[in-house]
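This briefing sets out selected structural features of one protein chain, grouped by topic. Please read it alongside the sequence and the coordinates.

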Amino acid sequence: GMRRDRAVVEDVVPLLRARAAEARGWYAAHARPFVAQRRVDIRSIAGGTVTIGTGDVLESAWLAAQLQAAAAGELVVLAASAGAEVVAEIERRWRDGRPDEAYWLDRFAAAVAERLLLDAEALRGEPRSVAPEQWLPHLSPGCADWGLAGQHSLMSLLLHGRGEAAIGPVRLLESGALWPPHSVLAVRGISPGRPLQ
C-alpha cells in the first residue's frame with residue numbers, strides 16, 4: 001500500500017540524487033562543452049522562408065512565422081555540443097555493465113547541450129547591445145516543419161561558406177545528423193524590445 005510506496009521512494013530518491021551528482025561531477029572534471037555562434041541580419045520573410053543578409057534562405061514556415069510575429073531583424077546561428085569526451089565515457093560505462101551510470105551521464109549531457117542554447121545570449125562574448133533586445137526561443141532543423149537539410153545551411157553559415165562539415169567538435173554527417181551525440185545546430189531570432197527575464 002501507501003506505506004510500502006513511501007518506503008520505496010525514500011530508498012530510491014537518495015540513489016537518484018547520488019547518480020545525478022556523480023554525472024555532474026564527472027562532466028565538470030572531464031568534459032569540454034562547445035558553443036559557436038554567428039549573428040546575421042534578416043533580409044526578408046515571405047512564403048514560409050527567411051532570407052538572411054548573406055543571401056541564404058532558410059525554409060520553415062514555423063520559423064518564418066515566429067520571426068515575423070516578433071518583428072525580428074536578426075538571427076543568431078548556433079552550434080552547441082556537450083563534447084566528444086562524454087560519448088566515450090557513456091560507452092565505457094555500458095561496456096563495464098554500469099547502465100544506470102551510463103544513462104544518467106547521457107541525460108546530463110543532453111541537458112548541457114540544451115542549456116548552451118538557452119544561455120547563448122550570455123555566452124556570446126561581446127558586450128550587451130545598448131538597445132534592448134529579445135532573444136527568441138531556438139528552433140532546429142528536424143523540428144516542426146523545418147527539414148533536416150537545413151542543418152547543411154546552418155553549418156555553412158557558421159563556417160562562412162568555407163565548404164567544411166565541422167566546427168569545433170561538431171561534425172555534420174551527409175544525412176544531416178550530427179556527431180558527437182548531444183550536439184545541436186539551431187537559430188534564435190532577435191527582435192527589438194525588452195529582454196525576456
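His-182 lies in the loop between strands S8 and S9. The model is a predicted one. In this model, His-182 has a positive phi near 65° although the residue is not a glycine. With a relative accessible area of 15%, His-182 is buried, since the cut-off for that class is under 20%.

**Loops and backbone geometry**

- The loop between strand S8 (178-179) and strand S9 (183-192) also holds Pro-180.
- The peptide bond joining Trp-179 and Pro-180 is cis, with omega at about 0°.
- Another residue that is not a glycine, His-160, has a positive phi of about 55°.
- His-160 belongs to the loop between helix H6 (150-158) and strand S6 (166-167).

**The chain as a whole**

- Six helices and nine strands make up the secondary structure of the chain.
- The chain has 197 residues, of which 38% are buried.
- Among contacts in the chain with a separation of 6 or more, 70% are between residues 24 or more positions apart.

- Helix H2 spans residues 61-69, and Leu-63, Ala-64 and Leu-67 are buried in it.
- The packing partners of the buried H2 residues are strand S1 (34-46), strand S2 (49-52), strand S3 (57-59), strand S4 (74-81), strand S5 (133-139) and S9.

**The packing of helices H3 and H4**

- Two packed helices are described by the angle between their axes and the distance between the axes.
- For helix H3 (residues 85-95) and helix H4 (residues 99-118), the axes come within 7 Å and cross at roughly 160°.
- Because angles over 145 degrees count as roughly antiparallel, H3 and H4 are assigned to that class.
- The handedness of the crossing between H3 and H4 is left-handed.
- On the H3 side, the contact is made by Val-86, Glu-89, Ile-90, Arg-93 and Trp-94.
- On the H4 side, the contributing residues are Pro-99, Glu-101, Ala-102, Leu-105, Asp-106 and Ala-109.
- Sorted by class, the contact of H3 with H4 comprises seven nonpolar residues and four charged residues, with no polar residues.

**Burial along helix H3**

- The buried residues of H3 are Val-86, Val-87, Glu-89, Ile-90 and Arg-93.
- Viewed down the axis of H3, these buried residues fall within an arc of 165°, so they line one face of the helix.
- Several of them, including Val-86 and Ile-90, are buried and also take part in the contact with H4.

**Arg-107 in helix H4**

- Helix H4 also contains Arg-107.
- The relative accessibility of Arg-107 is 37%, so this residue counts as partly exposed.
- Arg-107 and Ala-23 are 84 residues apart along the chain, and their C-alpha atoms are separated by 9.0 Å.

Notes
Residues numbered from 1 in each chain as written. Predicted model: local features only at pLDDT ≥ 70, side-chain atom pairs only at ≥ 80, totals over all residues. Heavy atoms only, no water. Axes fitted to C-alpha atoms, helices over the stretch in contact; angles between N-to-C directions. Helix = DSSP H or I, 4+ residues; strand = E, 2+ residues; numbered from the N terminus. Parallel < 35°, antiparallel > 145°, perpendicular 65-115°, else oblique. Left-handed = near helix turned anticlockwise from the far one by under 90°. Contact = heavy atoms within 4.5 Å. Nonpolar A, V, L, I, M, F, W, Y, C, P; charged D, E, K, R; others polar. Buried < 20%, exposed > 50% of the residue type's maximum accessible area, 1.4 Å probe, protein only. Arc of directions from axis to C-beta.
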